[in-house]
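Here is a short tour of one protein model, written for someone new to reading structures. Keep the sequence and the 3D view open while you read.

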Amino acid sequence: MMSENDLIRRITSDPTIFGGKPIVRGHRLAVEHVLSMLAAGDSPQDLIVAYPILEEEDVRACILYAHKLVAHERIEPFPVWSAA
């Protein structure tokens, strides 16, 4: 089982992807999209099937990220620096 710190490091931010919104491991998959699918009733396994780049820990990381935001904890997505 991954620690909270390891999970939250899966949430990154890249200003060239979705305007810097939090994304999953530098991919073009926004945290808000994962959360909206879960809220709509999709299971984590449904998401993994729909998005093969997604791992179970990524889904958990998205939920943890949302929890920290709601709990008003200070968190900052880790920047991803793309080669230009």
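Predicted model: local features only at pLDDT ≥ 70, side-chain atom pairs only at ≥ 80, totals over all residues.

## What helix H4 hides

An α-helix has 3.6 residues a turn, so residues three or four places apart point the same way.

With 15 residues at 1.5 Å a residue, H4 should span 21 Å, and its end C-alpha atoms are 22 Å apart, so the two values agree. Just after H4 comes histidine 72, which takes a positive phi of about 65 degrees.

## H2 meets H4

Now find helix H2 (residues 31-39) and see how it sits against helix H4 (residues 56-70). The two pack at an angle of about 95 degrees, and their axes are 10 Å apart. An angle from 65 to 115 degrees counts as roughly perpendicular, so that is the label for H2 and H4.

Which residues make the contact? From H2 come Val31, Val34, Leu35 and Leu38, while H4 brings Val59, Cys62, Ile63, Tyr65 and Ala66. Sort the residues of this contact by type and you get nine nonpolar, no polar and no charged.

Is valine 31 buried or exposed? Its relative accessibility is 3%, and the cut-off for buried is under 20%, so valine 31 counts as buried. Setting aside neighbours within four places in sequence, valine 31 is in contact with Ile11, Pro22, Ile23, Cys62 and Tyr65. The C-alpha atoms of valine 31 and threonine 12 are separated by 9.4 Å, and the two residues are 19 residues apart along the chain.

Take leucine 7, which is found in helix H1. Leucine 7 is buried, at a relative accessible area of 4%. Leave aside its neighbours within four places in sequence, and leucine 7 is in contact with Met2, Glu57, Arg60, Ala61 and Leu64. Leucine 7 and valine 59 are 52 residues apart in sequence, but 9.4 Å apart in space, C-alpha to C-alpha.

Isoleucine 8, also placed in helix H1, counts as buried at 13% relative accessibility. How many residues apart in sequence are isoleucine 8 and alanine 61? They are 53 residues apart, with 5.5 Å between their C-alpha atoms.

Then there is glutamate 4, again in helix H1. Glutamate 4 is partly exposed, with a relative accessible area of 47%. Not counting residues up to four places away in sequence, glutamate 4 touches Leu64 and Lys68. The C-alpha atoms of glutamate 4 and leucine 64 are separated by 7.7 Å, though these residues are 60 residues apart along the chain.

Most residues other than glycine have a negative phi. With that in mind, go to the loop between E1 and E2, where phenylalanine 18 is found. Phi of phenylalanine 18 is near 50 degrees, a positive value. Phenylalanine 18 is partly exposed, with a relative accessible area of 37%.

Next up is arginine 25, in the loop between E2 and H2. Its phi is near 45 degrees, which is positive as well. At 29% relative accessibility, arginine 25 counts as partly exposed.

## Stepping back

Finally, zoom out to the protein chain. There are four helices and three strands, and from the N terminus on they run α-β-β-α-α-α-β. Of the 84 residues, 31% are buried. The chain exposes about 5,300 Å², and carbon and sulfur atoms supply 57% of that area.

What share of the contacts with a separation of 6 or more comes from residues 24 or more positions apart? For the protein chain, that share is 51%. The pairing of glutamate 4 with Leu64, 60 residues apart along the chain, is an example to look for in the 3D view.

Key: Residues numbered from 1 in each chain as written. Heavy atoms only, no water. Buried < 20%, exposed > 50% of the residue type's maximum accessible area, 1.4 Å probe, protein only. Contact = heavy atoms within 4.5 Å. Areas by Shrake-Rupley, 256 points an atom, 1.4 Å probe, with all protein chains shown as cover. Axes fitted to C-alpha atoms, helices over the stretch in contact; angles between N-to-C directions. Parallel < 35°, antiparallel > 145°, perpendicular 65-115°, else oblique. Nonpolar A, V, L, I, M, F, W, Y, C, P; charged D, E, K, R; others polar. Expected span 1.5 Å × (residues − 1).
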